[in-house]
Amino acid sequence: MDTPAQRLSGAVREPETPHSKIRHLETKVTQLEQAVESHAVIDQAIGVVVAVGRMTPAEAWDVLRETSMCTNVKLRNVAELVVSWGQTGELAWDIREELAKRLKHGFPG
(Lines give C-alpha, C1' and ligand atoms only; values in the text may rest on other atoms or scores of the structure.)
Protein backbone atom coordinates (compact mmCIF):
# COMPACT_ATOMS: atom_id res chain seq x y z
CA MET A 1 0.00 0.00 0.00
CA ASP A 2 1.41 3.38 -1.01
CA THR A 3 1.71 6.27 1.40
CA PRO A 4 0.34 9.68 0.36
CA ALA A 5 3.88 10.83 -0.43
CA GLN A 6 4.45 7.82 -2.67
CA ARG A 7 1.31 8.63 -4.66
CA LEU A 8 2.50 12.16 -5.44
CA SER A 9 4.48 12.29 -8.65
CA GLY A 10 7.97 13.59 -8.12
CA ALA A 11 7.75 13.27 -4.33
CA VAL A 12 11.02 12.66 -2.54
CA ARG A 13 11.02 9.32 -0.75
CA GLU A 14 13.31 8.24 2.00
CA PRO A 15 15.19 5.10 1.11
CA GLU A 16 13.65 2.11 2.86
CA THR A 17 16.15 0.45 5.14
CA PRO A 18 15.77 -3.05 6.53
CA HIS A 19 15.27 -1.51 9.97
CA SER A 20 12.48 0.83 8.80
CA LYS A 21 10.81 -2.03 6.93
CA ILE A 22 10.90 -4.18 10.08
CA ARG A 23 9.39 -1.33 12.14
CA HIS A 24 6.67 -0.89 9.53
CA LEU A 25 5.86 -4.62 9.55
CA GLU A 26 5.85 -4.75 13.36
CA THR A 27 3.37 -1.87 13.41
CA LYS A 28 1.17 -3.68 10.88
CA VAL A 29 1.25 -6.89 12.92
CA THR A 30 0.27 -5.01 16.08
CA GLN A 31 -2.63 -3.32 14.27
CA LEU A 32 -3.84 -6.64 12.87
CA GLU A 33 -3.62 -8.31 16.30
CA GLN A 34 -5.69 -5.48 17.81
CA ALA A 35 -8.26 -5.77 15.03
CA VAL A 36 -8.63 -9.53 15.51
CA GLU A 37 -9.03 -9.08 19.27
CA SER A 38 -11.62 -6.33 18.78
CA HIS A 39 -13.59 -8.45 16.35
CA ALA A 40 -13.62 -11.37 18.79
CA VAL A 41 -14.99 -9.22 21.62
CA ILE A 42 -17.59 -7.66 19.32
CA ASP A 43 -18.65 -11.10 18.07
CA GLN A 44 -19.04 -12.29 21.67
CA ALA A 45 -21.17 -9.23 22.50
CA ILE A 46 -23.33 -9.88 19.45
CA GLY A 47 -23.90 -13.38 20.82
CA VAL A 48 -24.99 -12.00 24.19
CA VAL A 49 -27.40 -9.54 22.58
CA VAL A 50 -28.77 -12.24 20.25
CA ALA A 51 -29.51 -14.48 23.25
CA VAL A 52 -30.93 -11.78 25.50
CA GLY A 53 -32.82 -9.85 22.85
CA ARG A 54 -33.98 -12.85 20.81
CA MET A 55 -32.89 -11.22 17.58
CA THR A 56 -30.70 -11.91 14.59
CA PRO A 57 -26.95 -11.25 14.61
CA ALA A 58 -27.50 -8.36 12.16
CA GLU A 59 -30.04 -6.78 14.51
CA ALA A 60 -27.70 -7.32 17.48
CA TRP A 61 -24.89 -5.61 15.52
CA ASP A 62 -27.18 -2.62 14.96
CA VAL A 63 -28.07 -2.56 18.67
CA LEU A 64 -24.41 -2.48 19.69
CA ARG A 65 -23.48 0.11 17.06
CA GLU A 66 -26.37 2.41 17.98
CA THR A 67 -25.66 1.99 21.69
CA SER A 68 -22.07 2.97 21.03
CA MET A 69 -23.07 6.05 19.05
CA CYS A 70 -25.72 7.21 21.54
CA THR A 71 -23.47 6.82 24.58
CA ASN A 72 -20.34 8.12 22.84
CA VAL A 73 -18.50 5.00 23.98
CA LYS A 74 -16.29 3.15 21.51
CA LEU A 75 -17.90 0.05 20.06
CA ARG A 76 -15.16 -2.20 21.41
CA ASN A 77 -15.72 -0.82 24.93
CA VAL A 78 -19.50 -1.31 24.66
CA ALA A 79 -18.82 -4.87 23.52
CA GLU A 80 -16.50 -5.51 26.47
CA LEU A 81 -19.15 -4.19 28.88
CA VAL A 82 -21.88 -6.34 27.30
CA VAL A 83 -19.72 -9.48 27.47
CA SER A 84 -18.94 -8.72 31.11
CA TRP A 85 -22.66 -8.16 31.75
CA GLY A 86 -23.36 -11.61 30.31
CA GLN A 87 -21.01 -13.03 32.94
CA THR A 88 -21.73 -10.85 35.98
CA GLY A 89 -25.19 -9.40 35.43
CA GLU A 90 -23.77 -5.92 36.06
CA LEU A 91 -23.85 -3.18 33.44
CA ALA A 92 -23.18 0.57 33.52
CA TRP A 93 -26.47 2.48 33.69
CA ASP A 94 -25.94 4.47 30.47
CA ILE A 95 -25.25 1.35 28.44
CA ARG A 96 -28.15 -0.43 30.19
CA GLU A 97 -30.56 2.39 29.29
CA GLU A 98 -29.53 2.45 25.64
CA LEU A 99 -29.70 -1.32 25.31
CA ALA A 100 -33.13 -1.37 26.95
CA LYS A 101 -34.43 1.02 24.30
CA ARG A 102 -33.32 -1.34 21.55
CA LEU A 103 -34.09 -4.81 22.81
CA LYS A 104 -37.27 -6.29 21.32
CA HIS A 105 -38.43 -8.25 24.35
CA GLY A 106 -37.52 -5.86 27.14
CA PHE A 107 -34.47 -5.79 29.32
CA PRO A 108 -33.78 -8.69 31.65
CA GLY A 109 -32.94 -8.03 35.32
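1. The buried residues of H5, which spans residues 93-102, are Ile95, Glu98, Leu99 and Arg102. These four residues lie on the same side of H5 because they cover an arc of only 100° around the axis, the arc being that of the directions from the helix axis to the C-beta atoms. The buried residues of H5 pack against H3 and H4, where contact means heavy atoms within 4.5 Å.

2. The model is a predicted one, in which local features need pLDDT of at least 70 and side-chain atom pairs count only at pLDDT 80 or more, while totals for chains, interfaces and linings use all residues. Residues are numbered from 1 along each chain as its sequence is written, and side-chain values use heavy atoms, with hydrogens and water left out.

3. As to the overall architecture, the protein has five helices and zero strands, and its elements read α-α-α-α-α from the N terminus on. Of the 109 residues of the protein, 25% count as buried. Among the contacts with a separation of 6 or more, 47% are between residues 24 or more positions apart.

4. Helix H3 (residues 57-71) packs with helix H4 (residues 75-88) at an angle of about 115°, and their axes are 9 Å apart. The axes are lines fitted to C-alpha atoms, for helices over the stretch in contact, and angles run from 0 to 180 degrees between N-to-C directions. The crossing of H3 and H4 is right-handed; a crossing has that hand if the near helix is turned clockwise from the far one by less than a right angle, and is left-handed if anticlockwise. H3 contributes Trp61, Leu64, Arg65, Thr67, Ser68 and Thr71 to the contact, and H4 contributes Leu75, Val78 and Val82. By class, this contact holds five nonpolar, three polar and one charged residues, where Ala, Val, Leu, Ile, Met, Phe, Trp, Tyr, Cys and Pro count as nonpolar, Asp, Glu, Lys and Arg as charged, and the others, Gly among them, as polar.

5. The largest nonpolar core has 20 residues, of which Ala45, Val49, Met55, Leu64, Val82, Trp85 and Leu99 touch the most other members. Helices H2 (18-53), H3, H4 and H5 each supply at least two residues of this core. A nonpolar core is here a set of buried Ala, Val, Leu, Ile, Met, Phe, Trp, Tyr and Cys residues joined through side-chain atoms within 4.5 Å. Leaving aside neighbours within four places in sequence, Met55 is in contact with Val49, Val50, Ala60, Val63, Arg102, Leu103 and Lys104.

6. Arg54, in the loop between H2 and H3, has a phi near 50°, a positive value in a residue other than glycine, and it counts as exposed because its relative accessibility is 56%. Asn72, in the loop between H3 and H4, likewise has a positive phi, of about 55°, although it is not a glycine; Asn72 counts as exposed because its relative accessibility is 73%.

7. Glu37 is found in helix H2 and counts as partly exposed because its relative accessibility is 46%; its C-alpha atom is separated by 9.5 Å from that of Arg76, 39 residues apart along the chain. Glu97 is found in helix H5 and is partly exposed, with a relative accessible area of 45%. The C-alpha atoms of Glu97 and Thr71, which are 26 residues apart along the chain, are separated by 9.6 Å.

Terms used: Buried means under 20% relative accessible area, exposed over 50%, partly exposed in between (1.4 Å probe, protein chains only).
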